[in-house]
Amino acid sequence: MNHIRITLTVSLLAATVAPLRAQEAFRISGLAEAYYAYAFTRPADLELPAFVYNFKRAEEFNVNVAILKGSYETDRVRAHVGLMSGNYAQYNLAAEPQELRMIYQADAGIRLAQGLWLDAGVMPSHIGAETVWTPDNLNLTRSLMADNSPYYETGAKLTWSGPAGLTVSALVLNGWQNIRETPGNRSKALGTQVVYAPHERVLINYSTFWGNEKPGSQPQFRTFHDLYAILLIGERLKVVAAADAGWERSADGTSWNRWTAGSFQARGQLAEQWHLAGRAEWYSDPQSVLTSVQGRSLEAIGASANLDFSPADQALLRIEGKVLRNRTPVFPAADGRLSRLFPVLTASAAVHF
């Protein structure tokens, strides 16, 4: 029934917007990404670790994400409606009601003044350099810091675009990556974002989040900081460096639990249609604020390398080898065992328009 509902909704969206295709203000975009992953630890349930939400299934052909999105924008208004399916929607939105898991984006915006916009709805997160949209990422799979920080958010955002490549946003949100508010939580979260792009080859982003994500008799407020820089070096090399730090009040209110993460990514062009990329990363959550496997914390380092081939502007073939190593055994292995080491090989084919 859910598949039928999704099909009918997508068909209705396409039929509704088809007459507007000729108008410059309207645009349809989409992404379909199929993959195959092989985890050398051979997890018994064929699933990658609980704290991984993209390319989740091992030893089977599957769809990571399929997205259809319509965008409308004039000088005074803008709107986006996007629907999706695939493993990402299944696992990363597992806490949402079934009928909301197919929402990729649904927001509307109004220009209040020159350079000042108000947007509200379900939007891409203001946190992080990696996104669900694979062609925009340097590496095939996502880093641990990306998979364990928000990919999407629901609320209202006020954005001011100033001179010299400066953009500043203030947000009021339901919470940390959710569409529906957490049951019992009546408070709202706050966020900020500052983007500075003084040159077409340089972008620096600083984002924050503050809110109560664990309502109860003793509020556990969470504060989070995300910083990343994107550099284009010459004509062939792109570099992304990122760091996160978060704090959350302990359940008894006497201390703060902290987690940190970081990554360094680089992607270089080998030939006209070929690219080579690599990533080094770490993730440390010793008090298991966001991640836990059978009571064990995630304190991991990792490295990956991928080779990309683009046979056409809208197509991307990728293969990536990645290995993660944790301080204690947390990675699923055969017969229900846990391993400190997690090597995985992933290949994907993506078409976008």
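Q: Which residues touch the most other members in the largest nonpolar core?
A: A nonpolar core here is a set of buried Ala, Val, Leu, Ile, Met, Phe, Trp, Tyr and Cys residues joined through side-chain atoms within 4.5 Å. In general, nonpolar side chains tend to be buried together in soluble globular proteins. The largest core of this predicted model has 32 residues, and Phe51, Leu144, Phe209, Tyr283, Leu298 and Phe342 touch the most other members.

Q: Before we go on, what should I know about the model and its numbering?
A: This is a predicted model in which local features need pLDDT of at least 70 and side-chain atom pairs count only at pLDDT 80 or more, while totals for chains, interfaces and linings use all residues. Residues are numbered from 1 along each chain as its sequence is written, and side-chain values use heavy atoms, with hydrogens and water left out.

Q: What does Leu144 touch?
A: Contact means heavy atoms within 4.5 Å. Setting aside residues up to four places away in sequence, Leu144 touches Phe51, Glu281, Tyr283, Leu298, Ala300 and Leu324. There is also a second, separate core of 17 residues, with Tyr88, Val122, Val132 and Tyr151 among them.

Q: How many helices and strands does the protein chain have?
A: The protein chain has three helices and 18 strands. Its radius of gyration is 20 Å, close to the 20 Å from the globule rule for 353 residues, so the chain is as compact as a globular protein of that length. That radius is taken over C-alpha atoms, and the rule is 2.2 Å times the number of residues to the power 0.38. Along its principal axes, the C-alpha trace spans about 55 × 55 × 50 Å.

Q: What share of the contacts in the protein chain comes from residues 24 or more positions apart?
A: Such pairs account for 56% of the contacts with a separation of 6 or more.

Q: Is Asp226 buried or exposed?
A: Buried means under 20% relative accessible area, exposed over 50%, and partly exposed in between (1.4 Å probe, protein chains only). Asp226 lies in strand S10 and counts as buried, at 2% relative accessibility. Leaving aside neighbours within four places in sequence, Asp226 is in contact with Ile127, Gly128, Asn205, Tyr206, Ser207, Ala243 and Asp244.

Q: And where is Asp335 found?
A: Asp335 is in the loop between strand S16 (331-332) and strand S17 (338-339). With 71% relative accessibility, Asp335 counts as exposed. Asp335 and Ser348 are 13 residues apart in sequence, yet their C-alpha atoms are 27 Å apart in space.

Q: What is phi of Leu46, and what is phi of Ala164?
A: The thing to look for is a positive value in a residue other than glycine: phi of Leu46 is near 60°, and phi of Ala164 is near 55°. Leu46 sits in the loop between S1 and strand S2 (61-73) and is partly exposed, at 28% relative accessible area. Ala164 is in the loop between strand S6 (152-161) and S7, and counts as exposed at 58%.

Terms used
Helix = DSSP H or I, 4+ residues; strand = E, 2+ residues; numbered from the N terminus.
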